[in-house]
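Trainee: Could you pick one spot in this protein and take a close look at it with me? I'd like to see what surrounds it, and then how some other parts are built.

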Amino acid sequence: MAGQKASLSQVVTKNREVALDKIRNIGIIAHIDAGKTTTTERILFYTGRTYKLGSVDEGTTVTDWMAQERERGITIVSAAITAFWELKQDSSVEHGNYRINIIDTPGHVDFTAEVERSLRVLDGGITVLDAEEMVQSQTETVWRQADKYHVPRIIFVNKMDKLGANFDGTLAAVRERLGAKPVVLTFPIGSEQSFRGIVSVLDRKAYIWEGDPSAVSGQVDTGAVYTETEVPEELVAQMEKYRAQTIEAIAETDQGILEKYVGGVEPDTHELKSALRRATIKSELFPTFCGSSLRNKGVQPLLDAVVEYLPSPIDLPPVTGQWNGNTEERKPGNDEPLSALAFKVQTDPHVGRLVWLRIYSGVLKAGQETYNTTKNRRERTSRLVLMHADQRELVSEAYSGEIVAAVGLRETVTGDTVADSSYPLVLESIAFPDPVISLAIEPKTRSDQEKLGEALGKLSEEDPTFRIRSNPETGQTIISGMGELHLEILVDRMRREFGVEATTGSPEVAYKETIKGLAEGEGKYIRQTGGHGQYGHCFLKVEPKGRGEGFEFINKIKGGAIPNEFIPPIEKGVVEALSNGILAGYPVVDLSVTVFDGTYHDVDSSEIAFKIAGSMAVQDAARKAGLVLLEPIMKVEVTTPEEFMGDVIGDLSSRRAQILGTEKRGNSTIVLARVPLAEISGYTTTLRSLTQGRANPYVEPSHYEEVPNNIAEKIISAKKS
Ligand code: GDP
């Protein structure tokens, strides 16, 4: 954002309201380097909001707001950008001007939280594939995440101009690796250097982009113009073949079309497109397009496809939430009560704290008093901002189906619901994975000390996978996140945006502790010191929960053995003891704690005494139940030439890896494994030297597992020494 020069402009737009069926909230999801940024750039160019073509390679793109992103060439922060596209002819939907809100999703695995939260609020996605690399590891991961959130998708096979581009191979990879049904709507004319256009199989038309209008930063594009022609004779047979497959796939999802198809009657194009739209919205089919964003070929038809096949807010089921223990629905529409989900918080140097909201129902007004139903707090928006690629627009109202950044909300964080105070519905929050790596951070000077606290607070508020805690023994501040790159970028932001100089220790694996069995424990804190004493006494039970199920506190005190007011302090003591760790200082997770008995003293009992008793009791119970260490296990996929496969597997095996198997993909072999995070520091370097730089690893967090005994002993004794 530091690089964003645009200033706020008060734009008075009358009748800004766009019909709900003319809105598309989409995201572009892809493996890093597949061309997401370039494609977004081109979309913004063709939708008329940027007047220069940006180039990723030169670091001038508009969606990559922050300086580090420019330097690293990766997109970290998802920004929602509003653009307009005119559909010129009736298709599966009416012609007209459509509002497309593009929610930028990051392409790097260290930022899964960003991907998850974007997926939660968008209605449809474009999956961008590299026509040579085909389906890559992260594509698979993000595809599964999109499945989880039922996000309908279209597929764009990008880089058709690249050496080794293989359209049919990519289709096969989509079927095999994603288990999805791609439906070809356009196929390439020529390939690699001779790629010059596409054939639309349903329209039986060809689109040719003349010349080689490759992107040169700062130059106005000439390749925006394309010509529609008859399908070249030599491609007619190929078109009919794809067309038959496409119609067959659509017929399988639609009774009317099936009957015509079986009866030998060809359904008309409008019918086919409408049925395909329905099947796409149900995620039964995935319309597939091709092109080259870099060479400006195929992007306009892709924009048409976004409008034609991806859902508008009213095509999807109403959002549901909880109110007074009941599940309720909110239909999209401006006359419904307001319900909105906060999906991102950013600190903006120009306007301060920005909370990004997806409005599911109702209207949000600037200056309106609203209600944060997750926290039960009144909140007021002061201003509402729509972000365009090159400009911010202040609006007085934001409507159902829109995505808007609100200024003025103080307490709302990612995952919270903002709603009408008379209808305080709570939408389902967003779940985030736990961080796997941590490091100690220390301010360089005294003056950095205060700024450090503030910076850490703000950054963790923006990013729920970035956590801060202090080590009770050393007093050090420990930050944790999803990977080394993730933490590196946050430390970098701290320096740039908050002016904090800090030194960091070396990254450490974020171990956890958990209990093995069921046990009871007692905590008794009694002090008799002259006058007023201290008295807290409780019994509790600990019980293991499933991996990743977290912590639960249950109160089963009967007959007032402990007065109600002392139960929350007991819980506080338990939570504190668990987060400080019992075995080796790592947080204890995945267990339930039930307090079931105790005693109290009329005069001496206090909150603090029960807090200490709770802490003592849970430590006692957990020790009796047996404690073990858990470690993060990474999903590792190594792409290597066949000849190095043996070496790669041998090396992985020496790292306590579990080898899951190997796969052939094109000329490469993929080794699939699960490896403890503790064993793969410096892996990239070792792999490079092992394979003369020809193998590439892909690593992402998978799950937590118990650390083998002999290794756990070493970790524990190292912590204690
Ligand atoms: P992202 O990581 O998915 O955002 O991908 P980028 O848009 O940053 O692109 C990664 C690299 O691929 C850059 O060097 C682009 O210039 C290049 N690239 C993007 N689209 C194309 C394309 O259509 N053809 C070719 N040959 N290269 C492309």
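Mentor: Happy to! Let's start with T127, which lies in strand β5, residues 124-130. Keep in mind that this is a predicted model. T127 has a relative accessible area of 2%, and since buried means under 20%, T127 counts as buried. Leaving aside neighbours within four places in sequence, T127 is in contact with I29, T139, W143, R153, I154, I155 and F156.

Now for the nonpolar cores. The largest one has 44 residues, and M494, L629, V638, V648, L652 and Y683 are those with the most contacts inside it. Several elements supply at least two residues each, among them α10 (446-462), α11 (484-498) and β38 (668-676). The largest share, five residues, comes from β36. Take M494 as an example: not counting residues up to four places away in sequence, M494 touches I441, L452, A455, L456, L459, G499 and V500. A second, separate core has 42 residues, including A30, I43, V128 and V183.

Finally, have a look at an open sheet of four strands, ordered β32-β33-β35-β34 with mixed pairing. β32 (519-527) and β34 (551-555) are its edge strands, each pairing on one side only. Neighbouring strands are turned against each other by 25° on average, direction ignored. β34 pairs with β35 (residues 591-599) in the parallel sense over five bridges, and I554 stands opposite T594 in β35. Helix α12 (residues 567-580) packs on this sheet, touching β33, β34 and β35. Helix α13 (residues 607-625) also packs on the sheet, where it touches β32, β33 and β35.

Conventions: Residues are numbered from 1 along each chain as its sequence is written. This is a predicted model: local features need pLDDT of at least 70, side-chain atom pairs count only at pLDDT 80 or more; totals for chains, interfaces and linings use all residues. Side-chain values use heavy atoms; hydrogens and water are left out. A nonpolar core is a set of buried Ala, Val, Leu, Ile, Met, Phe, Trp, Tyr and Cys residues joined through side-chain atoms within 4.5 Å. Buried means under 20% relative accessible area, exposed over 50%, partly exposed in between (1.4 Å probe, protein chains only). Contact means heavy atoms within 4.5 Å. Two strands pair if DSSP finds at least two bridges between them. Axes are lines fitted to C-alpha atoms, for helices over the stretch in contact, and angles run from 0 to 180 degrees between N-to-C directions.
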